[in-house]
Amino acid sequence: MAVKWSWAFGQETPTQLNDDMGWSVNAPANNGVSNTFTYTYAGSPARWCFTGDGSAEFDLPISSFAPTGWITLAVYNDSANWSAGNYPIRVFAGASRYIGIYMANAASNTFEFYVDNVFKESFTMTLNNWNYVALTYDVSTTTWSGQVYLNGAAATAAYTDTGVAQTTGNYRLEGFSTTNESTYFAQFIVY
């Protein structure tokens with residue numbers, strides 16, 4: 001499995017990401033870089049993070065998209081302000097069709113997995129901890145497929161649903177909290 005695109009944050013501002021690097025940050029005032037929590041691993045230098053709240057959707061550069069593969073990211077939420085109704089990650093293919101993860105119940109840290117906008121399975125993610133989320137997906141055929149992995153283990157089964165084969169799309173992320181600087185994203189990798 002080859003890496004198509006990857007990103008580990010430095011001190012880029014939302015404006016720099018928008019204007020100079022091909023991102024689409026819809027609420028720059030609610031997004032920003034932070035070193036409050038840093039995602040590191042053995043031998044790694046300290047990293048910065050990109051932080052935002054539930055109103056702060058952002059899209060990765062269009063050039064990072066592949067119609068089949070994996071998107072992985074490290075995500076941290078440091079408060080009890082998780083808010084049901086937000087989508088930490090979606091793979092959009094077509095105008096409003098996606099494979100993605102939805103924050104369903106903040107009280108129980110429950111998320112839902114969708115393939116072609118159809119609910120498939122629930123899973124939980126811990127609060128106040130770095131979680132490494134991997135979303136496998138395929139929108140290249142009329143049978144869309146996907147599965148969620150959490151910290152290296154399957155969090156859902158593999159699922160399919162009837163879709164429309166796509167060759168273009170984008171990755172959209174958003175914070176899953178009600179307060180700014182509660183959700184931290186780091187180390188995006190597209191395989």
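Trainee: What makes the contact between the side chains of Arg172 and Asp59 a salt bridge?

Mentor: This is a predicted model. In it, an N to O distance of 2.7 Å separates the side chains of Arg172 and Asp59. The cut-off is 4 Å between a side-chain nitrogen of Lys or Arg and a carboxyl oxygen of Asp or Glu, so the pair Arg172 and Asp59 qualifies as a salt bridge. Arg172 belongs to strand 15 (residues 170-173) and Asp59 to strand 5 (residues 58-59), 113 residues apart.

Trainee: Why is Asp59 called buried?

Mentor: Its relative accessibility is 12%, and buried means under 20%; therefore Asp59 counts as buried.

Trainee: Why does Arg172 count as partly exposed?

Mentor: Arg172 has 23% relative accessibility. Buried requires under 20% and exposed over 50%, so Arg172 falls in between and is partly exposed.

Trainee: How do you know that Arg90 and Glu174 meet in a salt bridge?

Mentor: Their N to O distance is 3.4 Å, which is within the 4 Å limit, so the term applies. Arg90 sits in strand 7 (residues 89-92), while Glu174 is in the loop between strand 15 and strand 16 (183-190), 84 residues apart. Both Arg90 and Glu174 are buried.

Trainee: Why is the pair Asp161 and Lys120 said to tie together parts of the chain?

Mentor: The closest N and O atoms of this salt bridge are 2.7 Å apart. Asp161 lies in strand 14 (residues 159-162) and Lys120 in strand 10 (residues 118-124), so the pair joins parts 41 residues apart in sequence.

Trainee: How many salt bridges does the rule give?

Mentor: The count is four salt bridges.

Methods: Residues numbered from 1 in each chain as written. Predicted model: local features only at pLDDT ≥ 70, side-chain atom pairs only at ≥ 80, totals over all residues. Heavy atoms only, no water. Helix = DSSP H or I, 4+ residues; strand = E, 2+ residues; numbered from the N terminus. Buried < 20%, exposed > 50% of the residue type's maximum accessible area, 1.4 Å probe, protein only.
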